[in-house]
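Have the viewer open and follow along.

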Amino acid sequence: MKIISYNVNGIRAAATKGLFNWLQATDADMVCLQEVKALQEQIPDILALIEQLGYHHYWFPAEKKGYSGVAILTKIKPNHIAYGCGEPWIDAEGRILRADFDDFSLMSLYMPSGSSGDERQLKKYEFMRFFDVYIDELRKLHPNLIISGDYNICHKPIDIHNPKSNANSSGFLPEEREWMELFMNNGFIDSFRHFNKDPHHYTWWSYRAGARGKNLGWRIDYHLASMPMEHRLKNVRILPDALHSDHCPVLLEID
């Protein structure tokens with residue numbers, strides 16, 4: 001089974017860059033999208049394309065138009081869809097969507113960025129504190145859980161092109177990295193690092209200064225799998241040649 005996580009940075013823009021031809025060739029079973037930046041009524045042609053490719057599709061957009069929003073596409077019909085997490089400000093921003101299947105649950109996550117300033121950084125910390133408690137409770141009901149998405153955090157120096165100069169950058173702050181460490185130590189596997197310990201693997205590049213061509217990137221997109229899923233993990237690949245967004249997709253294969 002192939003599961004893709006992809007921050008598309010606006011699904012309408014990504015569609016004009018060949019997203020759906022690429023998706024057809026990739027033939028993923030499930031796709032977690034982040035930053036879709038669209039309401040369903042705004043994208044009827046895209047929905048028709050998705051259905052032609054054989055996907056059921058579920059959307060949780062932000063209330064603010066052209067902002068945030070997550071979706072899940074799946075060729076296997078879920079038993080249940082959970083829209084949001086019950087925290088009003090988080091749900092208003094369209095950040096969490098979960099699909100429950102017979103033997104595991106899949107979440108599409110778009111964690112807030114703090115890069116626009118102190119106010120949003122504080123909201124990011126608030127989200128992180130909430131998410132700890134929320135996931136602890138959720139795992140009691142759904143122990144087999146994969147949380148796929150844009151965490152907006154690089155975990156370790158190996159995950160960012162210039163750790164020294166970015167030491168005070170949102171996304172690589174000590175508090176954020178410590179949170180990521182504790183979150184994983186509380187029972188989640190960084191599936192990419194489970195298979196690949198090498199440097200220079202990134203999932204996001206700034207549009208400035210030709211960063212992508214020089215591979216000056218950040219690894220901020222993850223498939224985190226709960227410990228009971230470990231025996232089902234087969235492979236993970238970052239796909240930097242997919243050029244529909246400032247992020248690239250991450251492909252997880254499970255039994």
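D159, D190, R193 and R219 are tied together in a network of salt bridges. Keep in mind that this is a predicted model. Across the whole structure, a search turns up 14 salt bridges, so with a salt bridge meaning a Lys or Arg side-chain nitrogen within 4 Å of an Asp or Glu carboxyl oxygen, there are several pairs to look at one by one.

Go to R98 next. Its side chain meets that of D100 in a salt bridge, at 2.8 Å from N to O. Are these two partners buried or exposed? R98 has a relative accessible area of 7%, so it counts as buried. D100 is also at 7% relative accessibility, and that makes it buried too.

Now move over to helix α5, which covers residues 118–141. Here K123 and E126 join their side chains in a salt bridge, with 3.2 Å from N to O. Why can they pair up along the helix? They sit three residues apart in α5, so about one helical turn separates them.

K140 is exposed, with a relative accessible area of 62%, while E137 comes out as partly exposed at 44%.

Terms used:
Residues are numbered from 1 along each chain as its sequence is written. This is a predicted model: local features need pLDDT of at least 70, side-chain atom pairs count only at pLDDT 80 or more; totals for chains, interfaces and linings use all residues. Side-chain values use heavy atoms; hydrogens and water are left out. Buried means under 20% relative accessible area, exposed over 50%, partly exposed in between (1.4 Å probe, protein chains only). Helices (H or I, at least four residues) and strands (E, at least two) are DSSP runs, numbered from the N terminus.
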